[in-house]
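Good morning, and thank you for coming. Please look at the sequence and the structure on the screen while I speak.

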Amino acid sequence: MRNRLPICTRCLRRLVRESQSQWRTLLHPRYASTTAAITPAPPIDQTIISAPPITRYPLTQPPSHRRPEFRKSQLHRQYTSLLRSTPLMLVFQHNNLKATEWMAVRRELAAALQKVDDSDSSIAEGIKLQIIQSSIFSAALRVITYWNPTRSQDRPPETSKASDSATQSSVAGIENTTPSPSDPSFTHSLSRAAYKAVAAKRNFHPLTPLLAGPVALLTFPTISPLHIKTALSILSPRAPDFAAPTRRANPGYHDPTTQAGLQKLLLLGARVEGK
């Protein structure tokens, strides 16, 4: 059996003395720190109602009526931006065009418009022929026509039970900034206020009857009579004002694939400067 190590009595007394001092500090309040006694108590409002949370959303994506990550919401934003920035657009009905026919039509349209451009202008690059979803485009058209955010801000905000906690102020006087779609301060095109303002005007717009079925748009970044005449001569030729190019001048225009695609396009109407 091994011999035990000798214990230093001096070290043992030191450990006992330190442990006794620690217990004396915990058991007797007079040895404790007095920092807690000089700390001021919080106001009564903070103990009853907590401060509202700070707004947490990107500046370019405020709370909306529909979830912004859906494709329909993104198309709605794209169409509203297109309607605000485009002074002229032509509405066409397309009937089951194939991908090769779309390529041929766009090729001939771009080639004809490039010949019209001068050395100082590049309008042809901004002229686009694109397919749209007619139902979402109709909703965006109603928002652009009948929704006026500046007029809605002059009215007193409507409060509801669902948005009381998000729009009213707390007892402590701190404004509640919780992001809620019902907040009347949100006036973008996807806001709930815009949705409620145009919900009852579904069939009021004059272009609504034309947006039934497959629809394509030809958009112009600026109004140029020469470019408009060239585009109509390619997509919807009518002699003598909008005569189609001859076979000698443009052989690709008379290609069977191009002609098959043009026969399936029908000009329905136009929107010029918001009218």
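Let us begin with Pro240, which is found in the loop between H10 and H11. A cis peptide bond joins Ala239 and Pro240, with omega at about 5°. The labels H and E stand for helices (DSSP runs of H or I, at least four residues) and strands (E runs, at least two residues), numbered from the N terminus.

A word on the source. This is a predicted model, in which local features need pLDDT of at least 70 and side-chain atom pairs count only at pLDDT 80 or more, while totals for chains, interfaces and linings use all residues. Residues are numbered from 1 along each chain as its sequence is written, and side-chain values use heavy atoms, with hydrogens and water left out.

Now the overall picture. The protein has 11 helices and 4 strands. Of its 275 residues, 31% count as buried; buried means under 20% relative accessible area, exposed means over 50%, and partly exposed lies in between, with a 1.4 Å probe and protein chains only. Among contacts (heavy atoms within 4.5 Å) between residues at least 6 apart in sequence, 80% join residues at least 24 apart.

How many of the 11 residues of H10 are buried? The number is 8, and H10 is thus described as mostly covered. Among the buried residues are His227, Leu232 and Leu235. The buried residues of H10 pack against E1, H5, strand E2 (128–132), E3, helix H11 (256–262) and strand E4 (265–272).

In soluble globular proteins, nonpolar side chains tend to be buried together. Here we speak of a nonpolar core, a set of buried Ala, Val, Leu, Ile, Met, Phe, Trp, Tyr and Cys residues joined through side-chain atoms within 4.5 Å. The largest such core has 24 residues, and those touching the most other members are Leu90, Leu109, Leu129, Leu218, Phe220, Leu235 and Leu265. Two or more residues come from each of strand E1 (88–94), helix H5 (99–116), strand E3 (215–220) and helix H10 (225–235). A second, separate core of 15 residues includes Leu82, Phe137, Leu141 and Leu217. Leu90 touches several residues beyond four places away in sequence, including Leu218, Leu232 and Leu267.

Next, Thr86, in the loop between helix H4 (71–85) and E1. Why is Thr86 called buried? Thr86 is called buried because its relative accessible area is 8%. A polar atom of its side chain lies 2.8 Å from the backbone oxygen of Leu82. Leaving aside neighbours within four places in sequence, Thr86 is in contact with Thr219, Phe220 and Arg271.

His76 lies in helix H4 and is also buried, with a relative accessible area of 9%. The C-alpha atoms of His76 and Ala140 are 5.8 Å apart, although 64 residues separate them along the chain.

Finally, the outside. Asn96, in the loop between E1 and H5, is exposed, with a relative accessible area of 69%. Asn96 has a positive phi of about 55°, although it is not a glycine. Ile48 lies in helix H3 (residues 44–48), and it counts as exposed because its relative accessibility is 62%.

That concludes the tour; I welcome your questions.

How values were computed:
A polar contact is a pair of N or O atoms within 3.5 Å; within protein, one must be able to donate a hydrogen and the other to accept it, and residues adjacent in sequence count only if both atoms are side-chain atoms.
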